[in-house]
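Please look over the sequence and the structure below before reading on.

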Amino acid sequence: RAMVNFNDGLGGGHDLGHNLLFNSCRESSDHGAFNSWDRQPYVTRHPFNGTISAQPDYSRLHHNFIVANYAANGGCFDNDDGSSFYLEQFNFCVYGGVKSNFEGHNKRASGNL
C-alpha cells in the first residue's frame with residue numbers, strides 16, 4: 001500500500017516535507033507512494049483564528065525524494081476520489097509524477113522534478 005495516506009483531508013493544513021519514500025505499493029501497485037482521497041467536506045474550526053468553515057487549508061507536500069517503483073500506477077503522488085486543496089512543491093520524483101483525477105479541485109504542482 002501507500003507509504004503515506006491522507007483519508008478525508010479533514011481541515012487540511014498538513015505539512016509533509018523532507019522525506020525519503022520508496023518501495024511502496026509492492027503487492028497491489030494500485031496507487032502512488034502518497035495517496036489521498038476526500039469524498040465530502042467537513043465543517044471544522046480553524047486552529048489559529050477560530051473561524052468555522054467547510055473549506056480546508058491547503059496541505060503542503062514539499063521537498064520529498066520519492067521513488068515510485070513496483071509499477072505504482074499513481075506515480076509519486078496519487079490524489080484520488082475528490083482530493084482537494086493540495087500544494088505539491090519541489091519534490092524529486094523517480095518513475096512517476098502527480099496523478100490528479102477523479103474530480104477534486106485546487107491541486108497545484110510546481111517546482112517538481
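**Pockets, a cavity and the residues around them**

Six nonpolar, seven polar and three charged residues make up the lining of the largest pocket. The model is a predicted one. This pocket has a volume of about 270 Å³. Its lining consists of 16 residues, and those nearest the centre of the pocket are D38, Q40, P41, G82 and S84.

The second largest pocket holds about 150 Å³ of space. It is lined by 14 residues, with G11, T44, H46, P47 and D57 closest to its centre. Two strands, β5 (44-45) and β6 (52-53), each contribute at least two residues to this lining. Sorted by class, the lining of the second largest pocket has four nonpolar, eight polar and two charged residues.

Rolling a probe the size of a water molecule over the atoms shows where empty space is left. How many cavities of 30 Å³ or more does a search of the whole structure find? The search finds one. The largest cavity contains about 40 Å³ of space. Its lining is formed by G9, G12, D38, P56, D57, S59, S84, F85 and Y86. Three of these lining residues are nonpolar, four are polar and two are charged.

S83 can be taken next. Where is S83 placed? S83 sits in the loop between β9 (77-80) and β10 (86-89). S83 has a relative accessibility of 0%, so it counts as buried, the cut-off being under 20%. Its side chain makes a polar contact with the side chain of S36, at 2.8 Å. With neighbours within four places in sequence left aside, the contacts of S83 are S36, W37, D38, G104, H105 and K107.

Now the aromatic rings. In the whole structure, a search finds six aromatic pairs. One of them is F6 with F34: the ring centres are 5.0 Å apart and the planes stand at 85 degrees, so the pair is edge-to-face, a class that needs planes over 60 degrees apart. F6 belongs to strand β1 (residues 4-7) and F34 to strand β4 (residues 34-37), so the pair ties together parts that are 28 residues apart in sequence. Are F6 and F34 buried or exposed? Both F6 and F34 are buried.

Y58 and F85 form another pair, with ring centres 5.4 Å apart and planes at 75 degrees, and are therefore edge-to-face as well. This pair links distant parts of the chain, 27 residues apart: Y58 is in the loop between β6 and β7 (59-62), while F85 is in the loop between β9 and β10. Y58 has a relative accessible area of 26% and is partly exposed, whereas F85, at 8% relative accessibility, counts as buried. Which residues form one aromatic cluster? The cluster is made up of F6, F34, F77 and Y86.

G17 is part of strand β2 (residues 15-17). In sequence G17 and L61 are 44 residues apart, yet their C-alpha atoms are 5.8 Å apart in space. Residues up to four places away in sequence not counted, G17 touches H62, H63 and N64.

H18 lies in the loop between β2 and β3 (20-21). Its phi is near 60 degrees, which is a positive value in a residue other than glycine. H18 is exposed, with a relative accessible area of 62%. N23 also has a phi near 60 degrees, and N23 too is a residue other than glycine. N23 is placed in the loop between β3 and β4. At 29% relative accessibility, N23 counts as partly exposed.

Notes:
Residues numbered from 1 in each chain as written. Predicted model: local features only at pLDDT ≥ 70, side-chain atom pairs only at ≥ 80, totals over all residues. Heavy atoms only, no water. Helix = DSSP H or I, 4+ residues; strand = E, 2+ residues; numbered from the N terminus. Buried < 20%, exposed > 50% of the residue type's maximum accessible area, 1.4 Å probe, protein only. Polar contact = N/O pair within 3.5 Å; in protein donor to acceptor, adjacent residues only side chain to side chain. Contact = heavy atoms within 4.5 Å. 1 Å grid on protein atoms, 1.4 Å probe; cavity = no way out; pocket = protein on both sides within 12 Å on 5 of 7 lines; lining within 4 Å. Points joined across faces, edges and corners; volume = space filled by probe spheres on them. Nonpolar A, V, L, I, M, F, W, Y, C, P; charged D, E, K, R; others polar. Phe/Tyr/Trp six-rings, centres within 6.5 Å; stacked < 30°, edge-to-face > 60°.
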